[in-house]
Amino acid sequence: MLIVVAVIPAACVLWFMGKAVQNEHLAVQERLTGVYTNHLASVQRRIDEFWKKRLKAIDSVPGGSPATRFAEITHAGLADSAIVLDPDGTSFYPAPTILLGAGTPPEPEGWRHAMELEFQEQDFTGAAETYEKIASETAEPGLKARALVAQANSLLKADEKDSAISVLTKLVNDNSLTNATGSQETLILPNVQLRLLKLLGDSGDARFQETIEKLVRRLNDYSDALLSASQRRFLMEQILELERAHSDAYQAETEERFCGVEPIPVTVLFPMLEAEHLAAEYLETVDSQPEDGLQSTGELSDLWHVKTPNGSVVALFKEEKIRMEMLELMAREFSLADATIELILPGETRDRRSPVPTLPASEMLPGWSLALAFTGPDPFSAASRHQTLVYRWTGALVIGTIALLAFVLACYLTAQMRLTQMKNELVSTVSHELKTPLASMRALVDTLLV
C-alpha cells in the first residue's frame, strides 16, 4: 500500500513534467518564430523601400533627349538597360530616330550620268570627276556628302586608294557635313569615318587615331539626338571588331619581337553597348510591357522588367544583378549569427525544415520569397534545452523527495508496529503470569466460602 502511495504521485509528477517540457518547447518555438519573422518582415520592408527608391530615382533622371535619359539611367547603375517611352507608351529610345523633314533630296543634273559612267561604262575616273563636280556645286549637306562618298568609291574602283582616302578625310573634316543624312535617314559621317578607318588600316597613323577618337567620342555622346540607336550600335560593334583585329596583330608582332612578352593593347570602350544590345533584344522579342512590379519577361530568360510609376521608362534588370543586390541588402539588414536569409525565386523549390514560415520578398517582387536558414544547431532546441533541464531536475528532486518521505514514513511505521507488537507481547505475558496464581487463589476462596 505504501508503495502505491509513493508511485502514484511520482507518476503524476513525471506526466506533468513531460507536458511542461512539451509546452515549453512549443512556447520557445512560438517566441523565436515571432522574433525571426519580425526580422524577415524588417528585411521585407527594406526591400520595398529599396525598389520604390530605385524606381523613383529612375523617374527623376533629368529629361533631355530620350537617348540622354537612357544613358544616364544605365550609366548610373539604376538598371542594366532601359526603354524610354513616349506619353503614348511607345518606345522612344532605343528606336530609329525619325528626322522631321528629312528624306532623299532629288538627284541633281549629272548624277545619272555619273552612275552610268561608274556602273555601265566602268569609267571610274570619269565618274569620280563627275561626282566631285556635283559635290562642289551643291549646297545641300546630304547630297554633298553622298557625292563625296560616291567619288571615293569610284576612286577605289580605279585603284586610287590614296586619292579615295584624301576625299574621305576631306569629308570627315568638313563641319558642315556633321549632321548630313543619307537615303535611309541615317547619318553619313559616322559611316564614312568607319570606312576611312578600314582603309587606313594602320592604328599608328595619326589620321587613324584622330578619326577613331572623334567617332568613339560621338558614339558615346548620347546628347547627339540625330544618331539612331541601331546605327550607334552597329558602329560600336564595328569599331570593337576593328580594334580587336588591330590588337591581335599588335600582340602577334610584339610577341615575335619581344619573345612572348604579352602587350597591353589600348582597348576602345563603349560602356553603353551591352545596355544597347539588351534593349534592342528586348524590343525585338517582348511584345507586352509589365503591369505591376518586377516581372519576368518570359521570352528572354533571366531578364526582368518593370515600369516606373510615371510610366516613362521600362527598366530592365538581369536576374543575377537583382539577386546580388538583394543578397547585399539582406546581409546589411540581417545580422543574426545563427541564421541567414535565402532568396527564393519564382519556380524554385527548397528542401526546408525550418519552422519559420517564408514571407513574400516584396510587393515589388511578386513571386519572390524570403526564407530563413539556420547555419548551426537548431536554436529552438537550444533555447528550450535550459528550461527543459530545469523541469527535469525539478521533477527528479520532487520524485526523490517523495521517495525519501516514503522511506522515512516506512521506517516510522515499522518502528510503531514493532512497539505495538512489544506492548501486545508484554500484556500477553503479564496476563499469563497473573492468570495462574489468580486461579489458585480463586479456588482457595471458593473452598473457604463453602
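In this predicted model, Leu370 is in contact with residues from several parts of the sequence, even when its neighbours within four places are left aside. Among these partners are Leu40, Val43, Gln44 and Ile47, as well as Met330 and Ile341. Others include Glu342, Leu343, Thr358, Leu359, Pro360 and Ala361. Leu370 also belongs to the largest nonpolar core, which has 100 residues. Together with Trp51, Leu370 has the most contacts inside that core.

Attention may now turn to a pair of helices. Helix α5 spans residues 141-157 and helix α6 spans residues 161-172. Their axes come within 7 Å and cross at roughly 165°. Because an angle over 145 degrees counts as roughly antiparallel, α5 and α6 are described as roughly antiparallel to each other. The crossing of α5 past α6 is left-handed. On the side of α5, the contact is made by Ala145, Leu148, Val149, Gln151, Ala152, Leu155 and Leu156. On the side of α6, Lys161, Ser163, Ala164, Val167, Leu168 and Leu171 take part. Sorted by class, this contact has 10 nonpolar, 2 polar and 1 charged residues.

Is Arg207 buried, partly exposed or exposed? Its relative accessibility is 39%, so Arg207 counts as partly exposed. Apart from neighbours within four places in sequence, Arg207 is in contact with Ile165 and Leu200. Between Arg207 and Leu196, the C-alpha to C-alpha distance is 9.2 Å, and the two residues are 11 residues apart in sequence.

Conventions. Residues are numbered from 1 along each chain as its sequence is written. This is a predicted model: local features need pLDDT of at least 70, side-chain atom pairs count only at pLDDT 80 or more; totals for chains, interfaces and linings use all residues. Side-chain values use heavy atoms; hydrogens and water are left out. Buried means under 20% relative accessible area, exposed over 50%, partly exposed in between (1.4 Å probe, protein chains only). Contact means heavy atoms within 4.5 Å. Axes are lines fitted to C-alpha atoms, for helices over the stretch in contact, and angles run from 0 to 180 degrees between N-to-C directions. Helices (H or I, at least four residues) and strands (E, at least two) are DSSP runs, numbered from the N terminus. Angles under 35 degrees count as roughly parallel, over 145 as roughly antiparallel, 65 to 115 as roughly perpendicular and the rest as oblique. A crossing is left-handed if the near helix is turned anticlockwise from the far one by less than a right angle, and right-handed if clockwise. Ala, Val, Leu, Ile, Met, Phe, Trp, Tyr, Cys and Pro count as nonpolar, Asp, Glu, Lys and Arg as charged, and the others, Gly among them, as polar. A nonpolar core is a set of buried Ala, Val, Leu, Ile, Met, Phe, Trp, Tyr and Cys residues joined through side-chain atoms within 4.5 Å.
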